[in-house]
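My notes follow in the order in which I made them.

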Amino acid sequence: MNRLGVTVVRRKNRSAKVLQQYTSQLQQVVARGANMVRNTAVESIQAHNSTGRTYRKYNPNRIHVASLAGNPPNTDTGYLASNVHVVIDPDRLGASVESRAEYSAHLEFGTSKMGARPFLQPALEENKPKIRALYKKLRAR
């Protein structure tokens, strides 16, 4: 009489672990990219010294040299630069870089009496290739 043997092999489902690892790496790329944009925006404010109109400001009393339209804003108190923050979405798969200074929108987009002095959008544009490279590197793994 012939015997027939059956072996049951249970394969472990590793897809959940792989998905968790990929999601974790993706979250790191999102955070790193957002911080790169933030850092570039802050550096552009702190390092740029475009010469525009010079005038006196009060509270605190100082002389301010405005930047030329189209250039990042000049700094004199550091308030704008210190109020640029990264906000990570709850799922950590998205992020935004925002400025919480009350006058940020006026600088970024301009007003009827003042040309724009953008600092956030140029920071994003400068970092887009680097962020895309981080995503491509993640996909290649």
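Predicted model: local features only at pLDDT ≥ 70, side-chain atom pairs only at ≥ 80, totals over all residues.

**Entry 1: Thr-40.** I looked up where Thr-40 sits and found it in helix H1, which covers residues 15-47. Is Thr-40 buried or exposed? Its relative accessibility is 13%, and the limit for buried is under 20%, so Thr-40 counts as buried. I then checked what its side chain reaches. A polar atom of that side chain lies 2.9 Å from the backbone oxygen of Met-36. The Thr-40 side chain also makes a polar contact, at 2.9 Å, with the side chain of Asn-127. Setting aside residues up to four places away in sequence, I listed Ala-123, Glu-126 and Asn-127 as the residues that Thr-40 touches.

**Entry 2: H1 against H4.** Next I followed the pairing of H1 with helix H4 (120-140). How do the two helices run relative to each other? I read an angle of about 155° between them, with the axes 8 Å apart. Angles over 145 degrees count as roughly antiparallel, and H1 and H4 are therefore roughly antiparallel to each other. The crossing of H1 past H4 is right-handed. I wrote down some of the residues that meet here: on the H1 side they include Tyr-22, Val-29, Gly-33, Met-36, Val-37, Thr-40 and Ala-41. On the H4 side they include Leu-120, Ala-123, Asn-127, Ile-131, Leu-134 and Leu-138.

**Entry 3: the nonpolar core.** I looked for the largest nonpolar core and found that it has 18 residues. Those with the most contacts inside it are Ala-41, Ile-45, Leu-80, Val-84, Phe-119 and Leu-120. Which elements give two or more residues to this core? I noted H1, helix H2 (79-82) and H4. H1 gives the most, with seven residues. I took Leu-80 for a closer look. Apart from its neighbours within four places in sequence, Leu-80 is in contact with Ile-45, Pro-73, Ser-99, Ala-101, Tyr-103, Ser-104, Leu-107 and Phe-119.

**Entry 4: two loops.** The peptide bond from Asn-59 to Pro-60 is cis, with omega near 0°. Asn-59 is in this loop as well. I noted that Asn-59 has a positive phi of about 65° although it is not a glycine. Its relative accessibility is 75%, so Asn-59 counts as exposed.

I then moved to the loop between strand S3 (84-88) and strand S4 (95-99), where I found Arg-92. Arg-92 is not a glycine either, yet it has a positive phi of about 60°. Is Arg-92 buried, exposed or partly exposed? At 45% relative accessibility, I recorded Arg-92 as partly exposed.

**Entry 5: Lys-12.** Last, I checked the segment before H1, where Lys-12 lies. Lys-12 has a relative accessible area of 71% and is exposed. I also took a distance from Lys-12 to Glu-108, which are 96 residues apart along the chain. Their C-alpha atoms are separated by 53 Å.

How values were computed:
Residues numbered from 1 in each chain as written. Heavy atoms only, no water. Helix = DSSP H or I, 4+ residues; strand = E, 2+ residues; numbered from the N terminus. Buried < 20%, exposed > 50% of the residue type's maximum accessible area, 1.4 Å probe, protein only. Polar contact = N/O pair within 3.5 Å; in protein donor to acceptor, adjacent residues only side chain to side chain. Contact = heavy atoms within 4.5 Å. Core = buried A, V, L, I, M, F, W, Y, C linked by side-chain atoms within 4.5 Å. Axes fitted to C-alpha atoms, helices over the stretch in contact; angles between N-to-C directions. Parallel < 35°, antiparallel > 145°, perpendicular 65-115°, else oblique. Left-handed = near helix turned anticlockwise from the far one by under 90°.
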